[in-house]
Amino acid sequence: MNAKPPQIFHNKVGVVMGVANRFSIATGIASVLRDMGAELIFSYLPDTTGKMATRVNKVLSPWNITLVEPCDVLDDQSIHAFFTKVQQTYGHIDFLVHSIAYAPLEDLKQKTINTSRQGFLKTMNVSVYSFLACAQKAAQLMNQGGTILTMSYYGGQKVVPGYNVMGIAKSALEAAVRYISYDLGAKGIRVNAISAGPIKTLAASAVGVSKMLKHYEDISPLQSTVSQKQVGESAAYLLSHLSSGTTGEVVHVDGGYHIMGLHKADEATKTS
């Protein structure tokens with residue numbers, strides 16, 4: 001029989017933004033947090049067809065969640081309305097998970113230098129500014145010791161062909177983590193990011209994730225890709241008291257891929 005996970009989030013309440021379906025990284029994080037005792041609140045992107053609400057509710061239906069509300073992160077009023085509802089229902093929160101990113105496909109498929117102005121602005125607005133806007137609202141509902149977490153990727157630090165304009169956005173997001181951690185540090189609120197290895201998600205399919213998975217297996221020191229659960233467990237660490245001295249960090253959960261300077265195939269060529 002599997003042991004029950006430690007209930008380190010007992011009596012803790014947090015917001016999770018970015019669940020799109022069961023494959024979402026946000027879903028994996030939420031699953032781990034819930035198993036560890038957290039009370040979770042979810043947002044979803046409203047649309048005229050109601051498809052997103054249906055998808056999210058399908059994921060959450062086994063969990064008996066109290067609050068699932070629409071939030072369009074491109075609309076300040078929508079963000080305000082969402083967090084007002086959170087405050088009215090719970091009074092305060094202990095953590096925020098921001099797992100939201102977007103780039104128009106026509107711009108993502110372009111060479112970075114050919115990115116349109118409109119595509120660039122929308123990518124930065126959804127992927128970076130939404131983090132600032134949501135962190136601001138969430139921090140107002142947090143007591144001393146609150147935590148904020150967002151999701152990045154290695155393409156924000158090094159060039160990953162095909163990641164293109166999203167790489168610029170992730171680089172800006174990681175800078176935002178550092179600056180917000182400074183702004184909120186005096187209030188005892190910590191801000192961090194996870195840079196996860198490739199996982200088969202709806203968003204990752206746009207950048208050819210299947211080839212990347214094999215690449216990571218070949219190169220990473222652990223010779224494997226990472227799972228939703230592994231990312232969720234690292235998120236639990238960063239969102240809990242166990243990381244009370246850590247803020248402004250980008251923690252890599254990628255099997256060690258990011259430490260490699262020379263790939264195995266290159267090494268074999270060099271020594272042959």
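In which handedness of crossing does α5 pass α6? In this predicted model, where local features need pLDDT of at least 70, side-chain atom pairs count only at pLDDT 80 or more, and totals for chains, interfaces and linings use all residues, α5 passes α6 in a right-handed crossing (the near helix is turned clockwise from the far one by less than a right angle). Residues are numbered from 1 along each chain as its sequence is written, and side-chain values use heavy atoms, with hydrogens and water left out.

Helices (H or I, at least four residues) and strands (E, at least two) are DSSP runs, numbered from the N terminus. The axes of α5 (residues 117-140) and α6 (residues 165-185) lie 9 Å apart at an angle of about 20°; axes are lines fitted to C-alpha atoms, for helices over the stretch in contact, and angles run from 0 to 180 degrees between N-to-C directions. The two helices α5 and α6 are therefore roughly parallel (angles under 35 degrees). Residues meeting across α5 and α6 include F120, F131 and L132 in α5 and M166, L173 and I180 in α6, contact being heavy atoms within 4.5 Å.

Seven strands form an open, parallel sheet in the order β3-β2-β1-β4-β5-β6-β7, strands being paired if DSSP finds at least two bridges between them. Each of β3 (67-70) and β7 (250-253) has a single partner strand, so one side of each edge strand lacks a neighbour in the sheet. The twist from one strand to the next averages 20°. Within the sheet, β5 (residues 142-152) and β6 (residues 190-196) are joined by six bridges, and I148 has V191 in β6 as its bridge partner.

Technical notes. Parallel < 35°, antiparallel > 145°, perpendicular 65-115°, else oblique.
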